[in-house]
Amino acid sequence: MSKIRVATCSLAGCFGCHMSFLDLDERIADLVELIEFDRSPLTDIKIVDAAGVDIGLIEGGVCNAENVHTLREFRSRCRILVAVGACALTGGVPALRNRIPLQECFAEAYLQGAGIEAPQVPNDPELPLLLDRVYPLHEVVRIDHVLPGCPPPADAFWELLTALLAGREPDLDYALRRFD
Amino acid sequence: MNGNDFTFVLDGENIRFEPGQTIMEAASQAGAYIPHLCYHPEYRPRGSCKLCTVKINGHFGTACTLPVQPGMQVENDTDELNLMRRRVVQMLFIEGNHYCPFCEKSGNCQLQALAYHVGMQDSHFPHFFSLRQIDASHPEMLLDRDRCIQCELCVRASRETDKKSIFGLAGRSTSTNLVINSESGLLGDTDFSIHDFAAHICPTGALIPKREGYPIPIGERLYDHQDISAVGHLHPNAAQRGESK
Ligand code: SF4
Ligand code: SF4
Ligand code: FES
């Protein structure tokens, strides 16, 4: 039987959800018997294979134009897309800037902040443009499953993946449905 | 059934009640849990959060405001009602700004606990990211309007118990806002005290003592292991301190 293909990706997040996933520890050995990683910071593959994958896990919210592009491409190549963690589900800590106008954010970071030399707002065409706000994933693409938490516990990843591999609905019990 | 038969049916069970009780009062006296946020046994019900919505003889109504009648058929813990309640809780989340991962109330918060109770995992709706004023002017208490669900419990407690009338709600619909009864509109310019009853009644982290931070470790907080239906009748004072009474 060919292995289930899984991709993972982080947008405006801190990689804490990926770290929690790695907290599966030795169970990862059981998992790699069943799954194969495609795009992921774990494999360093940068783009999901054009043939697509079975399951995609995304942490982080959407804060810039590149995030939008990555998320849409990821969505189009993942049969099942899972939004992972508080930032993906609510915007999370990065969304704290949503109450501050973008110009003021730039001014504080690049013009007036403490210790700034040669103040200027970076303007290189290579830099992705910031969005007006940080958005949760479900405001940009369709999401199939979610793992709440900051980060979601390793056992929540385990339940999600083993359920999807077995073809049943994931069922997170009380201890696995944390918002913090 | 005759005029002296003071029983009604809640989720298929016969429950005794005392004349004049609301559905909520009769249910909690009998040990049955009906989800609620704006209801508090010591105050007149306000009926605003709608979490206690039940089906009475086939019609929707709020359990905290409606008096029981003999023979009433009340549905409470059904998939239909719990899905509706989940949507209500999701609306409360997206209307405010709830960052549970770093909120001091997390783990002891009744809104969050209700979200767990009704199986909420995501916010479903687009977020408002509304702009609400934080009031840090008071030396002892912080008012973080981002977390306010406008349940009016502080309003009622300040008016009825503390006899101070410090809080009020102003505006309509999505621009409803918790306002402070002082010339500057700031909490620091009132005679509000951390010893007021109103200082310990907020079901969320909106009205919260300063300089406490995160006094209870994760894993030992009120709702870390127990559903609010098991500890939901606690006095919010006890919930606030993470005590099991
Ligand atoms: S008040 Fe409750 S629901 Fe809101 S952020 Fe704090 S813990 Fe979460
Ligand atoms: S501050 Fe707390 S008690 Fe007062 S209305 Fe808001 S949520 Fe309710
Ligand atoms: S508890 Fe009845 S409407 Fe809020």
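## A loop residue in chain A

A:Asp44 sits in the loop that connects β2 (35–37) with β3 (53–59) of chain A. Helices (H or I, at least four residues) and strands (E, at least two) are DSSP runs, numbered from the N terminus. The phi angle of A:Asp44 is near 65°, a positive value in a residue that is not glycine. A:Asp44 is exposed, and its relative accessible area is 52%. Exposed means over 50% relative accessible area, buried under 20%, and partly exposed in between (1.4 Å probe, protein chains only).

## How the model is read

This is a predicted model: local features need pLDDT of at least 70, side-chain atom pairs count only at pLDDT 80 or more, and totals for chains, interfaces and linings use all residues. Residues are numbered from 1 along each chain as its sequence is written, chains are lettered from A and ligands numbered from 1 in the order in which they are written, and side-chain values use heavy atoms, with hydrogens and water left out.

## A loop residue in chain B

B:Lys163 also has a positive phi, near 55°, and is a residue other than glycine. Its place is the loop between α4 (153–161) and β8 (167–170) of chain B. B:Lys163 is exposed, with a relative accessible area of 66%.

## A cis bond and an annotated span

The peptide bond between A:Cys150 and A:Pro151 is cis, with omega about -5°. A:Pro151 belongs to the loop between β7 (145–147) and α6 (154–166) of chain A.

An unreviewed UniProt entry places "domain: NADH:ubiquinone oxidoreductase-like 20kDa subunit" at residues 14–164 of chain A. UniProt positions are given in the numbering used here, feature names are shortened, and annotations may be inferred rather than shown by experiment. Residues 14–164 of chain A are 37% helix and 19% strand, and the end C-alpha atoms of this span lie 25 Å apart.
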